[in-house]
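Please look through the briefing below with the structure open beside you.

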Amino acid sequence: MKFMLIMRSTDEAAAAAQEIDFNEILDTMGRYNDELIKAGVLVAAEGLDEPKETVVVDFSSQPPVATDGPYGETKELFNGFWVLEVASKEEVVEWAKRAPLAPGNKIEIRRVPSLEEFSQDNEWIQKEKAWREATGQL
């Protein structure tokens with residue numbers, strides 16, 4: 001089963017992280033990612049740019065409106081993610097608990113459904129499956 005672990009932090013936790021040497025953060029996160037790689041469960045992982053670079057496309061109106069950040073009123077910021085391929089929900093929870101995150105941070109875990117879970121006679125599912133096969137993703 002594939003899961004996305006979404007790294008989120010409060011504004012306060014993000015501000016506190018600014019006080020930590022960035023090389024220390026890279027080393028700590030690098031060791032964790034290396035564990036995931038050695039265990040054979042890491043599919044993808046990325047950190048995200050600063051919230052001040054954010055653009056939000058709001059679909060509350062037509063046409064949708066794009067607004068540049070930063071967003072001081074945000075309660076939690078989405079800072080990065082991992083995608084893991086594991087045997088169970090319990091296993092992904094255990095990996096999430098081992099992430100080297102400071103207090104004030106959270107990890108939201110969401111399962112990523114496979115293409116096989118969708119109607120296989122749907123034209124768009126067939127096209128996506130063909131694209132994934134052509135690009136070596138299946």
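Predicted model: local features only at pLDDT ≥ 70, side-chain atom pairs only at ≥ 80, totals over all residues.

Residues are numbered from 1 along each chain as its sequence is written, and side-chain values use heavy atoms, with hydrogens and water left out.

**Aromatic pair**

- Rings of Phe, Tyr and Trp (its six-membered ring) pair if their centres lie within 6.5 Å, and planes under 30 degrees apart count as stacked, over 60 as edge-to-face and the rest as tilted; by this rule the count comes to 1 aromatic pair.
- Tyrosine 32 counts as buried because its relative accessibility is 3%, and tryptophan 82 counts as buried because its value is 2%, where buried means under 20% relative accessible area, exposed over 50% and partly exposed in between (1.4 Å probe, protein chains only).

**Helix H4**

- The 12 residues of helix H4 (residues 123–134) should span 16 Å at 1.5 Å a residue, and its end C-alpha atoms are 17 Å apart, which agrees; the expected span is 1.5 Å times one less than the number of residues.
- At the start of H4, a side-chain oxygen of asparagine 122 reaches to within 2.7 Å of the backbone nitrogen of tryptophan 124.
- H4 is followed by glycine 136, whose phi is positive, near 75°.

**Pockets**

- On a 1 Å grid over the protein atoms alone, a pocket is an open set of points where a 1.4 Å probe fits, with protein on both sides within 12 Å along at least five of seven lines, and lining residues have an atom within 4 Å of a point.
- The largest pocket is lined by 42 residues, of which Met7, Ala17, Ile25, Leu48 and Asn79 lie nearest its centre.
- The largest share of that lining, 8 residues, comes from H2.
- The second largest pocket is lined by 15 residues, of which Lys2, Pro113, Ser114, Leu115 and Arg132 lie nearest its centre.
- Strand S6 (105–112) and H4 each supply at least two residues of the lining of the second largest pocket.

Conventions:
Helix = DSSP H or I, 4+ residues; strand = E, 2+ residues; numbered from the N terminus. Polar contact = N/O pair within 3.5 Å; in protein donor to acceptor, adjacent residues only side chain to side chain.
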